[in-house]
Amino acid sequence: MSIKSRLEEYAALGNKRWHTPGHKGGLDTFDLTEIGEEGGTFPADAIEFAQNKAARFYGAKHCRFLVNGSSGGIKAAILAADGDIVAPKARHRCVDEGAKLNKVNVFDIECERLRDGLYAPPSVGDVLKSLEKHKSAKAVVVVSPDYYGVTACEEIADAVHSAGKLLIADSAHGAHFAARSDLFPKGFAAVADFCVMSAHKTMNAYTQSSYMCINNDEVAAKADECLELLGTTSPSYRLLSGLENAIDFAEENAHKYDGLKTATDEFRREIVCLRNNDFTRIAVDAAAYGLTGRELFDRLYKDGHTAEMTDVRYVVFIATLADEVGDIVKLKESILRITSR
């Protein structure tokens, strides 16, 4: 039985709630705590079922639902690795925070810096050089895809494991890849020791909701222990239910990616964009139109479009299954209007 159906079942009882949360269902009837009931405790069995379903979706051995974002998952993975790590310079701050919590070192992986100032993802050679230089490292962090939709090569996983190290994949922006293996890169969910993905970034899930895939049974128990150390003992079952529903939604609506792919391909034929590996991540090159990223961001905001982020050159937009083809067409038309002035 799904988490959602268990929540619906309890809400339908209409029992007077003498338990937390304090709003007693007034804010949200599905916002519940653990409930002792005949035959067990709600909703532990439903969560286990949902996590197993998510593991199958990602082709991973195990999957854990996170309600403190991908940051919490990355920190837990670093604690579970229990040693120094190497990571690319273009990394999320949670990597350094996790290292600080575990009192270990983070050594930079030297990556090529491209002409536009962005870092290229690390190559197998970059990773191996870093491990050779920093022999105390027990784990490698790879960011794939990055904020701009650029992915690292999958061969990194084999290289890291051959070196006897753990691989932690920060795939916060790639939770949707498994929905269409014919359209998206394979990703690291099924090959990294730990792969953390933000369902809330690119899937139909609430903010703060993430997945952690685990493919190494030797460190799985340690990872669970670290997740408990860093996580709350009062997880939101609304968020957990959303994580389960996001998998169902992606499977049921994956055919919509065909239309989005066609629309974003047409978009890129008319608008100058950064070349990347994820067609749903649109990074418009403002510099190609004599503008800074901030200038284009602000003009589009006034024209009714709020981008995900901007840097000095690029403005980044995220398309998901919640968007329609017409939305992408409107964004394209707005950019064409602004840049032709």
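Predicted model: local features only at pLDDT ≥ 70, side-chain atom pairs only at ≥ 80, totals over all residues.
I'll begin with strand E6, residues 137-143. Six of its seven residues are buried, so E6 is largely enclosed by the rest of the structure. On one hand, E6 pairs with strand E4, residues 84-88, in the parallel sense, over three bridges. In that pairing Val86 stands opposite Val140 of E6. E6 also pairs with strand E7, residues 166-170, again in the parallel sense, this time over five bridges. There, Val141 has Ile168 in E7 as its bridge partner. To get from E6 to E7 the chain passes through helix H6, residues 155-162, and this β-α-β crossover is right-handed.

E11 and E12, residues 314-318, run antiparallel and are joined by two bridges. Met309 stands opposite Val316 in E12.

Next, the second largest pocket. How much space lies in it? About 550 Å³. Its lining is made up of 31 residues, and those nearest the centre are Arg91, His92, Val143, Tyr147 and His173. By class, the lining has 18 nonpolar residues, eight polar ones and five charged ones. Which helix gives the largest share of the lining? That is H3, with four residues. Helix H3 spans 69-81, and helix H7, 199-202, is another element that supplies at least two lining residues.

On to charges. The count of salt bridges comes to 22.

The side chains of Lys53 and Asp248 meet in a salt bridge at 3.2 Å, N to O. Lys53 sits in helix H2, residues 44-58, and Asp248 in helix H9, residues 237-253, so this pair ties together parts that are 195 residues apart in sequence. Are these two residues buried or exposed? Lys53 is buried, and Asp248 is buried as well.

The second pair is Glu97 with Lys75, where the N to O distance in the salt bridge is 3.2 Å. Glu97 belongs to helix H4, residues 93-102, while Lys75 belongs to helix H3, so the parts tied together here are 22 residues apart in sequence. Glu97 has a relative accessibility of 29%, so it counts as partly exposed.

Asp265 and Lys261 form a salt bridge at 2.8 Å, N to O. Both are in helix H10, residues 256-270, and because they are four residues apart, about one helical turn separates them. Asp265 is partly exposed at 25% relative accessibility, and Lys261 is partly exposed with a relative accessible area of 25%. As for the network, salt bridges with shared partners join Arg6, Glu9 and Asp45.

Last, the backbone. Most residues other than glycine have a negative phi, and most peptide bonds are trans.

Two are cis peptide bonds. One runs from Thr20 to Pro21, with omega near 0°, and Pro21 lies in the loop between helix H1, 3-13, and strand E1, 35-37. Another joins Ser144 and Pro145, with omega about 0°. Where does Pro145 lie? In the loop between E6 and H6, and H6 is the helix of the right-handed crossover from E6 to E7.

The other two are positive phi values. Asp82, not a glycine, has a phi of about 55°. Asp82 is placed in the loop between H3 and E4, and at 43% relative accessibility it counts as partly exposed. Lys103, also not a glycine, has a positive phi of about 55°. Lys103 is in the loop between H4 and strand E5, 106-109. Is Lys103 buried or exposed? Its relative accessibility is 79%, so Lys103 counts as exposed, the cut-off for that class being over 50%.

Technical notes. Residues numbered from 1 in each chain as written. Heavy atoms only, no water. 1 Å grid on protein atoms, 1.4 Å probe; cavity = no way out; pocket = protein on both sides within 12 Å on 5 of 7 lines; lining within 4 Å. Points joined across faces, edges and corners; volume = space filled by probe spheres on them. Nonpolar A, V, L, I, M, F, W, Y, C, P; charged D, E, K, R; others polar. Buried < 20%, exposed > 50% of the residue type's maximum accessible area, 1.4 Å probe, protein only. Pairing = 2+ DSSP bridges. Right-handed = clockwise from strand over helix to strand, strands pointing away. Salt bridge = Lys/Arg side-chain N within 4 Å of Asp/Glu carboxyl O.
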